[in-house]
Amino acid sequence: AGHFYNANNHWSVRFDEDNVHLQCERCNSFLSGNLIEYRANLLTKIGAERFNQLESRARVTRKFTKDELKELIKKYKEMYNQLK
C-alpha cells in the first residue's frame with residue numbers, strides 16, 4: 001500500500017482510505033512513493049474536493065486509542081475475508 005501522506009509522520013491519515021492506495025513496489029520502495037505522479041493520479045481518482053479534505057486531515061495531530069485500532073483491524077480483516 002502506498003501512502004500519499006507518509007504513514008510515519010501523518011498518523012491522522014495513516015489508515016484513511018483516501019490516503020492509501022495500491023502502488024507498485026518500484027514506485028513505493030525505490031521512488032519514495034513517486035509523489036508527483038501519485039498526486040496527479042490521486043486528484044483524478046478522488047477529485048479536488050476530497051483531496052483538499054485529505055490535506056486538511058493530514059495536518060491534524062492525532063493519536064489512535066487501542067479501541068480505535070482494534071476496530072480498524074476488525075474492519076480491514078472483514079474486508080479482506082470478503083475478498084477471498
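Author: A polar contact is here a pair of N or O atoms within 3.5 Å, of which, within protein, one must be able to donate a hydrogen and the other to accept it. In this predicted model, the side chain of Tyr38 comes to 3.2 Å from the backbone oxygen of Asn19. That pair is the starting point for what follows.

Tyr38 belongs to helix H2, which covers residues 35-58. Its relative accessible area is 8%, and because buried means under 20%, Tyr38 counts as buried. Apart from its neighbours within four places in sequence, Tyr38 is in contact with Gly2, His3, Phe4, Asn19, Val20, His21, Gln23 and Gly33. One of these, His3, stands 35 residues away from Tyr38 along the chain, and the two C-alpha atoms are separated by 9.1 Å.

Asn19 is located in the loop between strand S1 (2-3) and strand S2 (20-21). With a relative accessible area of 0%, Asn19 is buried. Its surroundings, not counting residues up to four places away in sequence, consist of Gly2, His3, Phe4, Tyr5, Val13, Tyr38 and Leu54. While the backbone oxygen of Asn19 is reached by Tyr38, the side chain of Asn19 itself reaches the backbone oxygen of Val13 at 3.0 Å. Asn19 can also be placed relative to Arg39: the two are 20 residues apart in sequence, with 10 Å between their C-alpha atoms.

Tyr38 also has a place in the largest nonpolar core. That core has 9 residues, namely Phe4, Tyr5, Val13, Tyr38, Leu42, Ile46, Phe51, Leu54 and Ala58. Tyr5, another of its members, has contacts with His10, Val13, Asn19, Leu54, Glu55 and Ala58 when neighbours within four places in sequence are set aside.

The pockets come next. Tyr38 is among the residues that line the second largest pocket, together with His21, Leu22, Gln23, Cys27, Gly33, Asn34, Glu37, Asn41, Leu42 and Lys45. This pocket holds about 210 Å³ of space. Helix H2 contributes the most to its lining, with 5 residues. By type, the lining divides into 4 nonpolar, 5 polar and 2 charged residues. Leu42 is found in this lining and also in the largest nonpolar core.

The largest pocket, for its part, contains about 260 Å³ of space. Its lining is made up of Ala1, His3, Arg14, Phe15, Asp16, Glu17, Val20, Tyr76 and Met79. These residues divide into 5 nonpolar, 1 polar and 3 charged.

Most residues other than glycine have a negative phi. Ser32, which is not a glycine, has a positive phi of about 50°. Ser32 sits in the loop between helix H1 (25-30) and H2, and with a relative accessibility of 63% it counts as exposed. Asn34 likewise has a positive phi of about 50° without being a glycine, and it too lies in the loop between H1 and H2.

Finally, the chain as a whole provides the setting. Its secondary structure comprises 3 helices and 2 strands, arranged along the sequence in the pattern β-β-α-α-α. The C-alpha trace spans about 35 × 35 × 25 Å along its principal axes. Of the 84 residues, 25% count as buried, Tyr38 and Asn19 being buried as well. Among contacts between residues at least 6 apart in sequence, 56% join residues at least 24 apart.

How values were computed: Residues numbered from 1 in each chain as written. Predicted model: local features only at pLDDT ≥ 70, side-chain atom pairs only at ≥ 80, totals over all residues. Heavy atoms only, no water. Helix = DSSP H or I, 4+ residues; strand = E, 2+ residues; numbered from the N terminus. Buried < 20%, exposed > 50% of the residue type's maximum accessible area, 1.4 Å probe, protein only. Contact = heavy atoms within 4.5 Å. Core = buried A, V, L, I, M, F, W, Y, C linked by side-chain atoms within 4.5 Å. 1 Å grid on protein atoms, 1.4 Å probe; cavity = no way out; pocket = protein on both sides within 12 Å on 5 of 7 lines; lining within 4 Å. Points joined across faces, edges and corners; volume = space filled by probe spheres on them. Nonpolar A, V, L, I, M, F, W, Y, C, P; charged D, E, K, R; others polar.
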